[in-house]
Amino acid sequence: MTVRLPSPAAPLKIGTRGSPLALAQAHETRQRLGTAFDLPEEAFEIVVIKVTGDNRSMIDADRPLKEIGNKGLFTREIEEDLLAGKIDIAVHSTKDMPTVQPEGLILDTFLPREDVRDAFISHSLSRIADLPEGATVGTSSLRRRAQLLFKRPDLNVVEFRGNVQTRLQKLADGLADCTFLAHAGLNRLDMTEVPATPIEPTDMLPAIAQGAIGIERRIDDTNTAELLAAIHDAATGHRVATERQLLFTLDGSCETPIAGLATIDGDTLTLTGEVLRPDGSDAISGTRQGPVSDGAAMGTELGQHLLKAAGPGFFDWH
């Protein structure tokens, strides 16, 4: 088919949250599409959509996500506008996305993946082992909370909600001795001044799809599908699909401490997954390896293995 290109007179509308990181991801998407089709920035319109998860009062109150909803808090309003035709595509941090999209929408385009690692953020320390006994750690991630308490049950973990800038300000205000951020976000925002030390996945397995920008569209919008195909990164797509299949099998939600990472070496894909009790009292992990084409099957198999190993009652949500 002949692709109908956007233009300044009829721009492609890109929906996004309004945080600095979300806008950086939308700008990267615009830049890649513009380069792929030799189009000016004016051929794209970035539309900022306020979502429930960005409610200032909830962020300031540091209310845990499990008290106010789930991953849909960061996507619902954007997806409603996408379905209504108010925007043409939606740009997301894939780790924030539910494993199942609303009817009529599909998440099948991924940009080249950034650094998958977590970053340890502190003005005086450089690693978890340096934290003194009883130190206060700020994080809104149930995964990080559980992983930290599994290794260091002495730590005092407090809720840290908000975007990158908000959490860094809370750290500067002395509300915690350290916090954690995705290294990908710091890189995309070019925040080299942040006192960040990357944590290897062997020490802290990252969130499912961490570092991957996902682009959602309407299933029946074949023209947009053709446009997005030009910027899709196949390797990232295989890795993210494998990790999200693991999450789907585990019935993951914002109340579930789950970590996972797929890597590709040649034609071989390796998937590592981890499930933890929310209080960090126990953790179970496993690894699967095989052809890249078997990624989804490996995600299902590893998820079933972890569920069986965990047994009934392992999670609060079972």
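**Notebook: a sheet and its helices**

I began with strand β1 (residues 12-16) and strand β3 (residues 89-93), which pair in the parallel sense over two bridges. Here strands are DSSP runs of E with at least two residues, helices are runs of H or I with at least four, and both are numbered from the N terminus. Two strands pair if DSSP finds at least two bridges between them. In this pair, glycine 15 stands opposite alanine 90 in β3.

A note on my source: the model is predicted, so local features need pLDDT of at least 70 and side-chain atom pairs count only at pLDDT 80 or more, while totals for chains, interfaces and linings use all residues. Residues are numbered from 1 along each chain as its sequence is written, and side-chain values use heavy atoms, leaving out hydrogens and water.

Next I looked up the whole sheet: it is open, has five strands with mixed pairing, and runs in the order β2-β1-β3-β10-β4. Its edge strands, β2 (44-48) and β4 (105-110), each pair on one side only.

Which strands does helix α8 touch? I found that α8 (residues 222-229) packs on the sheet and touches β1, β3, β4 and β10 (213-218). Contact means heavy atoms within 4.5 Å.

Last, I turned to helix α9 (residues 234-249) and helix α10 (residues 295-310), which pack at an angle of about 35° with their axes 7 Å apart. Axes are lines fitted to C-alpha atoms, for helices over the stretch in contact, and angles run from 0 to 180 degrees between N-to-C directions. Among the residues that meet are Thr242 and Leu246 in α9, and Gly299 and Leu306 in α10.
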